[in-house]
Amino acid sequence: MYLSRFLSLHALWVTVSSVMQHYPSVWGHYDVCKTQIYTEEGKVWDYMACQPEARDMIKYVKVTLDPPDITCGDPPETFCAMCMMPLGWTIPTHYLLWVSCLKAWQLGNPYMCNNECDASTQELAHPPELMFDLEGRHPSTFWQSTTWKDYPKPLHVNITLSWNKTIELTDNIVITFESARPDQMILEKSLDYGRTWQPYQYYATDCLDAFHMDPKSVKDLSQHTVLEIICTEEYSTGYMTNSKIIHFEIKDRFAFFAGPRLHNMASLYGQLDTTKKLRDFFTITDLRLRLLRPATGEIYVDEQHLARYFYAISDIRVYGRCKCNLHATSCKEENKKLFCECEHNTTGPDCGKCKKNYQGQPWSPGSYLPIPKGTANICIPSISSIGKNVCDNELLHCQNGGTCINNVRCQCPPAYTGILCEKLKCERDPGGCNQNSAQRAVSHGPLLLLTALLGVTGLFIF
C-alpha cells in the first residue's frame with residue numbers, strides 16, 4: 001500500500017514538473033506584493049517582492065531631435081529613394097512599380113528621384129511622431145531627415161527618447177529604417193534623465209575605420225563579458241527590404257544566464273539581485289540614437305546626387321517595465337508622466353524611499369531571492385511616530401519577551417522599558433548596566449512568556 005502511494009505521488013510530481021517546464025515565467029514573475037495567510041496568531045499579511053508587467057514603452061515616450069530643424073519638408077525638397085520591392089508586392093497588383101524598379105536595377109541606378117517631402121502637406125510630411133505610429137500600412141509612414149545637401153559637412157542627427165521615469169528593459173530594442181541603415185550609428189543610454197550619457201552599442205559598416213574597434217556580435221560575448229560595449233557590423237550593410245532593421249539584443253544577453261529559451265529565469269533573477277552592474281546595464285531613463293553617417297553603399301559619396309543620402313526611420317520599439325525597486329505591481333500614467341503605485345510603505349517615483357513615519361529601518365529595494373517570492377524588505381513604522389497602535393504582531397513585535405496587549409501597548413519584562421521593550425531600564429541608572437542587571441533581564445523573559453500564555457487562556461485578567 002505504501003509503495004502504491006509513493007508511486008502515485010511520484011507520478012504526480014513528474015506531471016507537475018513537466019508542466020512547469022513550459023511556464024518559466026511563473027518562477028520570478030513577482031506579480032503580487034502581499035497576500036493574506038493564516039498562522040497560529042491568526043490571519044496576517046505575507047509580503048513579497050513585486051514588479052509591474054512589461055509593456056510597450058513607446059506609448060509613453062517623448063522624442064527630441066537635434067538639430068531641431070533636421071526634419072525634411074521645410075522648405076520642401078526632392079529626394080532620391082532606393083527602389084525596393086517589399087515582400088508584400090505582387091506583380092499583378094504593383095505591376096508598374098515592379099517594372100520601374102526592375103529597370104532601375106538593370107540600369108545600375110536603383111534610385112527613383114521623384115519623391116518629395118513637404119511639411120505643409122500631410123501626405124508628403126514626415127514628422128518625428130511617425131516613428132511611433134502603427135505599422136502595416138502601405139505606403140508606410142516614417143520620419144525623414146533633410147538630405148545631405150551640405151556635404152562634406154557631416155550629416156549628424158541625435159534622436160533622444162525620454163520617459164522621465166526609470167525603465168528596466170525586458171526585450172530587444174528594434175529600430176526599423178525606411179532608408180537603408182546608416183553607415184555609422186551609436187546607440188546611447190542615460191541613467192540620470194539625460195544629464196550624462198554612455199554608449200550602449202556601436203554600429204558601422206567598418207568598425208575599425210569608424211570607431212577604432214574590432215567588430216563583434218553578441219554571440220561573441222559570455223556571462224563574464226556580457227557588459228562589454230561592442231561595435232557590430234551585422235546591421236550596417238545591405239539594401240534589401242529585410243535589411244532595414246537594427247537590433248540591440250536584450251534577450252540574447254539574458255540567455256547567458258537563463259538559457260537559450262529563457263526557461264531558467266530564476267538564474268537570471270539571481271544574477272540581477274546580486275550584481276548591481278548587471279541590473280544597471282538593463283536600466284535606462286533615456287535612449288539616444290546618434291546617426292553619424294547615412295548609408296552610401298559605396299566607398300565614395302556621389303557629390304552629383306546628394307539627394308540620395310538621408311536618414312528615414314519608420315518604427316522604433318522599446319519594451320520594458322517601470323523600475324519600482326520590487327515594491328509595486330502597477331505603474332500608471334498621470335499628466336503624461338509614469339509613476340509607480342508603491343506598496344510596502346514606500347514612496348517616490350521608483351519607490352526609492354520609505355514613507356514618512358515608516359522609517360523604523362533604512363530603506364532597501366526588494367530582493368528577487370529567494371525564488372519565487374523574493375523578499376519584500378518592507379518599511380516599518382518609526383518608533384517615534386507609532387501613536388496609539390504600538391504593536392500589531394505583524395509589522396511591530398514587542399521585543400525582549402514583551403507581550404502585545406490589544407494592539408495598543410507592549411507589556412514589558414521588569415528589566416525592560418520603551419515603547420517596544422527595546423531598552424534596558426538599567427540604562428537610566430547613574431552607573432549604567434552591569435553584568436548582573438543583564439542576567440536578571442534575561443531570566444525574566446520565560447516568566448513573562450508564561451504569564452502571557454496563561455493570560456491568553458483566560459486564567460489571568462489584565
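A search of the whole structure, a predicted model, finds 13 aromatic pairs. Rings of Phe, Tyr and Trp (its six-membered ring) pair if their centres lie within 6.5 Å; planes under 30 degrees apart count as stacked, over 60 as edge-to-face and the rest as tilted. Two of the pairs are tabulated here.

| Pair | Centre distance | Plane angle | Class |
|---|---|---|---|
| Tyr-202 and Phe-211 | 4.8 Å | 55 degrees | tilted |
| Tyr-203 and Tyr-235 | 6.3 Å | 55 degrees | tilted |

Tyr-203 lies in strand 11 (residues 198-204), and Tyr-235 in the loop between strand 12 (231-232) and strand 13 (245-248), so their pair ties together parts 32 residues apart in sequence. Strands (E, at least two residues) and helices (H or I, at least four) are DSSP runs, numbered from the N terminus. Tyr-202 and Phe-211 are buried, and so are Tyr-203 and Tyr-235. Buried means under 20% relative accessible area (1.4 Å probe, protein chains only).

Ring pairs also join Tyr-200, Phe-248, Phe-254, Phe-281 and Phe-282 into a cluster.

Two charges sit over rings. Lys-34 lies over the face of Trp-45, 4.4 Å from the ring centre. The charged end of Arg-288 is over the ring of Trp-197, at 4.2 Å from its centre. The criterion: NZ of Lys or CZ of Arg within 6 Å of the ring centre and within 35 degrees of the ring normal.

Residues are numbered from 1 along each chain as its sequence is written. Local features need pLDDT of at least 70, side-chain atom pairs count only at pLDDT 80 or more, totals for chains, interfaces and linings use all residues, and side-chain values use heavy atoms, with hydrogens and water left out.

Methods:
Buried means under 20% relative accessible area, exposed over 50%, partly exposed in between (1.4 Å probe, protein chains only).
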